[in-house]
Amino acid sequence: MACWCAGGHLTADELSDTDISAHSADIDIRREIHQRLDRISAVFHQSTQFKYVYSPNPRSATEKVLNFQPATPKDLPRLNSYLSIFELEISKYPDQFFRSIGLKRIIFVKNLFYKELPAQGLYNDSTKTLYFNFSDTRGGRLALRHNVHHEIYHVIHSHFDINPDDTWHNLNIPDFKYTHRGRHHQVVATQSENYFSPDIPGFVTDYAMTSAEEDQAEVFACLFIQSQSRLMHKWAVKDEVLANKIRFIKQALLDISDQVINESYWHELNR
Ligand SMILES: [Zn+2]
């Protein structure tokens, strides 16, 4: 899905101009948000920080290449709603899974942009920070759910040696080349699974054709969303390239999870 995946352009001071103080505009809903964040953080490593950027008097936080805005009091219901989705999606992972993936921070922001380009999420590998844009509702709830997993894949990919001998490239049809259309690619997502549309074997979305890592992230994300997983597996019956990619990602997850993410895990998740 639409995302921009940082490769190290950003610096550690990227939050220096933001207001994350505990200003109280709506105490009840902020309490609920904090309770959600407490529950979410319990799933991750104890050193992983969770924040949302908030200010009752917003000004854009402009960093070198990253732009976003703080949540204002009127945004809190939407942030809370986003966190309910986020909480549900990360509950799909096995116990302990997030404790050893090297993630330092997750930050929820509004109107996230990389330069002038909107992003639903991004991962900055140099600071081990994941950003999620709670205000980006393009593609509806399904796209938001999918994007949680998509971004988590980037963390996994940077932490583990998922494709050491570049086997992935050999899975594609001969002569296929990823487009590498810059570092950002905007997808116009629709409400249904119809945004699965590429006409080339082995791809679940157009965005998957941008790079091997984005391709892997898209297959990974689809595995965690029941409707998308069912459709992807249905396609894979007639698409051997896609079938092999699903097998590749499942094997990688089996390896990094000490066999916990196995076939019975997938069966249980998507039954
Ligand atoms: Zn991505």
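How many residues lie between β7 and β8 in the hairpin that they form? The hairpin has four residues between the two strands, and Lys 128 in the turn has a positive phi of about 55°. The model is predicted: local features need pLDDT of at least 70, side-chain atom pairs count only at pLDDT 80 or more, and totals for chains, interfaces and linings use all residues. Residues are numbered from 1 along each chain as its sequence is written.

The chain holds eight helices and nine strands. Helices (H or I, at least four residues) and strands (E, at least two) are DSSP runs, numbered from the N terminus. Of the 271 residues in the chain, 36% are buried. A residue is buried if 20 or more other C-beta atoms lie within 10 Å of its own, exposed if 12 or fewer, and partly exposed in between, with C-beta atoms placed from the backbone. Among contacts between residues at least 6 apart in sequence, 75% join residues at least 24 apart. Contact here requires C-beta atoms, placed from the backbone, within 7 Å.

Strand β8 (residues 129-133) has five of its five residues buried, so β8 is largely enclosed by the rest of the structure. Both faces are covered. Thr 129, Tyr 131 and Asn 133 are buried on one side, and Leu 130 and Phe 132 on the other. Strand β7 (residues 121-124) runs antiparallel to β8 and is joined to β8 by four bridges. Tyr 123 stands opposite Leu 130. Strand β5 (residues 105-114) pairs with β8 in the parallel sense, over five bridges. Val 109 has Asn 133 as its bridge partner in β8. Two strands count as paired if DSSP finds at least two bridges between them.

Helix α5 (residues 212-224) meets helix α3 (residues 140-159). Their axes come within 8 Å and cross at roughly 130°. That angle makes α3 oblique to α5. The crossing of α3 past α5 is right-handed. A crossing is left-handed if the near helix is turned anticlockwise from the far one by less than a right angle, and right-handed if clockwise. Axes are lines fitted to C-alpha atoms, for helices over the stretch in contact, and angles run from 0 to 180 degrees between N-to-C directions. Angles under 35 degrees count as roughly parallel, over 145 as roughly antiparallel, 65 to 115 as roughly perpendicular and the rest as oblique. On the α3 side, the residues are His 146, His 149, His 150, Tyr 153, His 154 and His 157. They meet a set in α5 that includes Glu 213, Gln 216, Phe 220 and Phe 224. By class, this contact has five nonpolar, six polar and two charged residues. Ala, Val, Leu, Ile, Met, Phe, Trp, Tyr, Cys and Pro count as nonpolar, Asp, Glu, Lys and Arg as charged, and the others, Gly among them, as polar.

Helix α5 also packs with helix α7 (residues 240-256), at an angle of about 80° and with the axes 10 Å apart. That makes α5 roughly perpendicular to α7. Gln 216, Val 219, Phe 220 and Leu 223 in α5 meet Lys 245, Ile 246 and Ile 249 in α7. The residues divide into five nonpolar, one polar and one charged.

Most residues other than glycine have a negative phi. Lys 115, in the loop between β5 and β6, has a positive phi near 55°. Lys 115 is partly exposed, with 14 other C-beta atoms within 10 Å. Asp 166, in the loop between α3 and α4, has a positive phi near 60°. Asp 166 counts as exposed, with 8 C-beta neighbours inside 10 Å.

Technical notes. Contact = placed C-beta atoms within 7 Å.
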